[in-house]
Amino acid sequence: MTATALQAYRFALDPTPRQQRSLASHAGAARFAYNWGLHLVQERLEQRQAGEDIEVPWTLPALRWEWNRAKHQVAPWWPDNSKEAYSSGLDALAQALKNWSDSRNGRRKGRPVGFPRCKTKRRARASCRFTTGGIRVLADRKHIQLPRIGVVRTHESTRKLARRLEHGTARILAATISRTADRWFVSFTVEVQRAIPASNGKASVVGVDVGIRHLAVLSTGAVISNPRALEGSLRGLRRLNRELARRAPASRRRNRTRRRLARLHARAVNLRQDGLHKLTTGLATRHGIVVVEQLNLAGMVRNRRLARALSDTGMAELRRQLGYKATWYGCRLLVADPFFPSSKTCSGCGWVKAKLTLAELIFRCEACGLRIDRDLNAARNLAKLVQDVARSGWETQTARGADRKSQLAGQVAVKRAAGTGSFPGETGTVQPQGWTA
Ligand SMILES: [Zn+2]
């Protein structure tokens with residue numbers, strides 16, 4: 001069976017100096033429109049509060065209407081950029097306003113969303129989204145075309161996307177340009193037709209724990225180490241962080257260190273991402289059932305320790321990638337209940353330790369005397385969950401093709417039933433490809 005999914009293809013660009021200026025100009029224009037719209041909304045809100053009967057532009061069409069009326073005065077240079085740039089900024093603003101009002105009215109889950117703030121050049125990421133006009137991937141697989149900016153060389157081959165476009169199994173919906181650590185990227189939002197296998201034919205079960213010292217530890221005992229280059233980057237990051245702390249505020253040297261840090265950080269993220277992609281593809285193609293931990297979102301808030309922060313984001317990324325790859329390759333993904341103590345439970349006898357600190361790398365069971373690597377213990381506990389679930393009738397549950405999150409045995413939520421061909425809503429289907437290492 002086939003399914004349609006949204007997928008993102010991301011490529012690093014090699015723009016000419018003139019194109020770099022044009023890309024920056026478009027991102028700047030988007031930011032300008034965003035800030036202009038925000039000030040207008042604040043002004044109108046104040047006027048309304050003062051008792052005036054006045055419309056507050058809250059949606060994209062309303063904001064666009066106001067912009068088109070005002071642009072000749074506030075931005076006489078507007079014809080320099082594609083009109084998509086201004087739309088892009090106003091669209092982001094409309095979304096931010098909606099998030100804020102939804103959050104206030106209790107229609108949005110998660111942490112409360114603040115009222116949109118002005119985007120400064122320093123704080124905001126330079127980006128701009130194109131939804132219409134000449135967006136193309138050229139047949140030579142080395143160039144892409146964007147409205148106004150023209151034909152830009154890509155740093156890597158676009159073949160993965162180009163092939164799909166040539167076969168007619170993909171359609172480009174939008175292109176977003178963005179800058180990360182002095183490098184420009186383009187990300188295409190693409191509607192893709194995919195053949196969905198009912199099953200990958202594998203019977204094995206594997207539990208995965210994303211570790212601190214390693215990329216992941218599997219219940220099979222396999223230890224997937226961090227990419228070699230990542231270890232080097234982490235050392236460099238620690239060194240540059242210390243250097244940054246010593247630099248005088250607002251000095252040229254501090255700025256230089258900050259930029260070097262940003263570049264190295266982007267590289268570390270890419271290396272890790274690359275390692276995770278290889279891991280998740282391997283898991284989804286070689287195993288019938290993959291069991292992972294549920295994220296403890298509350299515990300994830302802003303950890304100052306670099307390694308811990310990377311491990312947390314790694315877990316989130318692993319879950320996200322497995323979410324769609326399970327569907328692509330026909331494996332089943334099980335997510336353990338957030339309160340399942342996978343690290344604190346003995347994988348040998350089931351005894352639960354009252355407290356396990358992060359410093360304890362070896363799990364020692366006080367009941368049966370088992371000594372085992374902490375991460376391996378967690379991975380084994382996750383894999384064992386499947387047996388418990390199977391006993392409590394999980395097979396019949398999924399056979400009905402339910403995609404809903406059902407709590408089973410009080411410990412496992414079934415994220416996706418094999419063969420339904422449906423995508424798990426929460427993990428989404430947008431994925432990055434074409435990462436540079
Ligand atoms: Zn034990």
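## Three-stranded sheet

Strands S3, S4 and S5 form an open sheet, in that order, with antiparallel pairing. S3 (136-137) and S5 (150-153) are the edge strands. Each has a single partner strand, so one side of each is left without a neighbour in the sheet. The model described here is predicted.

S3 and S4 (residues 143-146) run antiparallel and are joined by two bridges. Val-137 has Ile-144 in S4 as its bridge partner. Strands of a sheet pair through backbone hydrogen bonds, either parallel or antiparallel.

## Zinc site

Four cysteines supply the protein donors of the zinc ion: Cys-346, Cys-349, Cys-365 and Cys-368, each through SG. The donors lie 2.2 to 2.3 Å from the ion. Their spacing in sequence is C-x2-C-x15-C-x2-C. Cys-346 sits in the loop between strand S12 (332-336) and strand S13 (362-364). Cys-365 sits in the loop between S13 and strand S14 (371-373). The pair therefore ties together parts that are 19 residues apart in sequence.

The geometry is tetrahedral because the four donor atoms subtend angles of 106 to 113° around the zinc ion. Both Cys-346 and Cys-365 are buried.

Helix H2 covers residues 60-74 and has a kink of about 40°. The kink is centred on Asn-68. Buried residues in H2 are Leu-60, Leu-63, Glu-66, Trp-67, Ala-70 and Lys-71. These buried residues pack against helix H1 (17-49) and helix H3 (83-104).

## Aromatic pairs

The structure holds ten aromatic pairs. One of them joins Trp-67 and Tyr-86. This pair is stacked, at 5.0 Å centre to centre and with 25° between the planes. Trp-67 belongs to helix H2 and Tyr-86 to helix H3, so the pair links distant parts of the chain, 19 residues apart. Both Trp-67 and Tyr-86 are buried.

Ring pairs also build a cluster. Its members are Phe-32, Trp-36, Trp-67, Trp-77 and Tyr-86.

## Thr-189 in strand S7

Thr-189 lies in strand S7 (residues 183-195). Its relative accessible area is 16%, so Thr-189 is buried. The cut-off for buried is under 20%.

Which residues does Thr-189 contact, leaving aside neighbours within four places in sequence? They are Gln-7, Arg-129, Arg-171, Ile-172, Leu-173 and Ala-174.

Terms used:
Residues are numbered from 1 along each chain as its sequence is written. This is a predicted model: local features need pLDDT of at least 70, side-chain atom pairs count only at pLDDT 80 or more; totals for chains, interfaces and linings use all residues. Side-chain values use heavy atoms; hydrogens and water are left out. Donors are N, O and S atoms within 2.8 Å of the metal (3.2 Å for Na, K and Ca); water is not among the atoms, so sites may look incomplete. Four donors count as tetrahedral if all angles lie between 85 and 135 degrees; four count as square planar and six as octahedral if opposite donors are over 155 degrees apart and all others between 65 and 115; anything else is irregular. Helices (H or I, at least four residues) and strands (E, at least two) are DSSP runs, numbered from the N terminus. Buried means under 20% relative accessible area, exposed over 50%, partly exposed in between (1.4 Å probe, protein chains only). The bend at a residue is the angle between axes fitted to the seven residues ending there and the seven starting there. Contact means heavy atoms within 4.5 Å. Two strands pair if DSSP finds at least two bridges between them. Rings of Phe, Tyr and Trp (its six-membered ring) pair if their centres lie within 6.5 Å; planes under 30 degrees apart count as stacked, over 60 as edge-to-face and the rest as tilted.
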